[in-house]
Amino acid sequence: MPTQEERLATLEQSFGTPQKEIGKSIHEVNENSTIMLGLLQTLTQESKQTGLRMEMMKIRMDQLETKFDAHTALLNEHTRVLSEHTARFDRLETLLTQILARLPEKP
């Protein structure tokens, strides 16, 4: 039968092994927490940059929409003027056809 000191030494040895494993596990948790914190900070920074880029894109899209609206208005005005000219040319063509019909034919 082991003596009390031997039993205590065995107990201290068996208690020391889990303490080392717990210490190692705590160290790993600390390392992983540090890595996660770094990743979270990077993600937050990238998220802010993405938000700024999206805001810039919105501004640019609004500017493009304004330009397209202006170009569309100008195109509509040109289309109206072209329609007026086409109608006038049609009237002139009709008038010229009537004039030519009244002219005597050449012998």
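Q: What share of the 107 residues counts as buried?
A: 0% of them. Keep in mind that this is a predicted model.

Q: How many helices and strands does the protein have?
A: One helix and zero strands. Helix α1 covers residues 4-102.

Q: What is the radius of gyration?
A: 45 Å, whereas a compact globule of 107 residues would be near 13 Å. The C-alpha atoms fill a box of roughly 150 × 25 × 15 Å along the principal axes.

Q: Switching to charges. How many salt bridges turn up in the whole structure?
A: Three. Lys 58 pairs with Asp 62, with the closest N and O atoms 3.2 Å apart. Glu 77 pairs with Arg 80 at 2.4 Å. Arg 80 also bridges to Glu 84, at 2.2 Å. Through shared partners, Glu 77, Arg 80 and Glu 84 join into one network.

Q: How far apart in helix α1 are Arg 80 and Glu 84?
A: Four residues, so about one helical turn separates them. Glu 77 and Arg 80 are three residues apart, also about one turn.

Q: Is Arg 80 buried, partly exposed or exposed?
A: Partly exposed, at 39% relative accessibility. Glu 84 is partly exposed too, at 42%.

Q: And the nonpolar side chains: which residues form the surface patch?
A: Phe 89, Leu 92, Leu 95, Leu 96, Ile 99, Leu 100 and Leu 103. Together they have about 710 Å² of accessible area.

Q: Why does Phe 89 count as exposed?
A: Because its relative accessibility is 58%, and the cut-off for exposed is over 50%.

Conventions: Residues are numbered from 1 along each chain as its sequence is written. This is a predicted model: local features need pLDDT of at least 70, side-chain atom pairs count only at pLDDT 80 or more; totals for chains, interfaces and linings use all residues. Side-chain values use heavy atoms; hydrogens and water are left out. Patches are made of residues with over 30% relative accessible area and no salt bridge: like charges are joined within 9 Å, nonpolar side chains (Val, Leu, Ile, Met, Phe, Trp, Tyr) within 5 Å. Accessible areas come from the Shrake-Rupley method with a 1.4 Å probe; for residues, only the protein chains shown count as cover. A salt bridge is a side-chain nitrogen of Lys or Arg within 4 Å of a carboxyl oxygen of Asp or Glu. Helices (H or I, at least four residues) and strands (E, at least two) are DSSP runs, numbered from the N terminus. Buried means under 20% relative accessible area, exposed over 50%, partly exposed in between (1.4 Å probe, protein chains only). The radius of gyration is taken over C-alpha atoms; the globule rule is 2.2 Å times the number of residues to the power 0.38.
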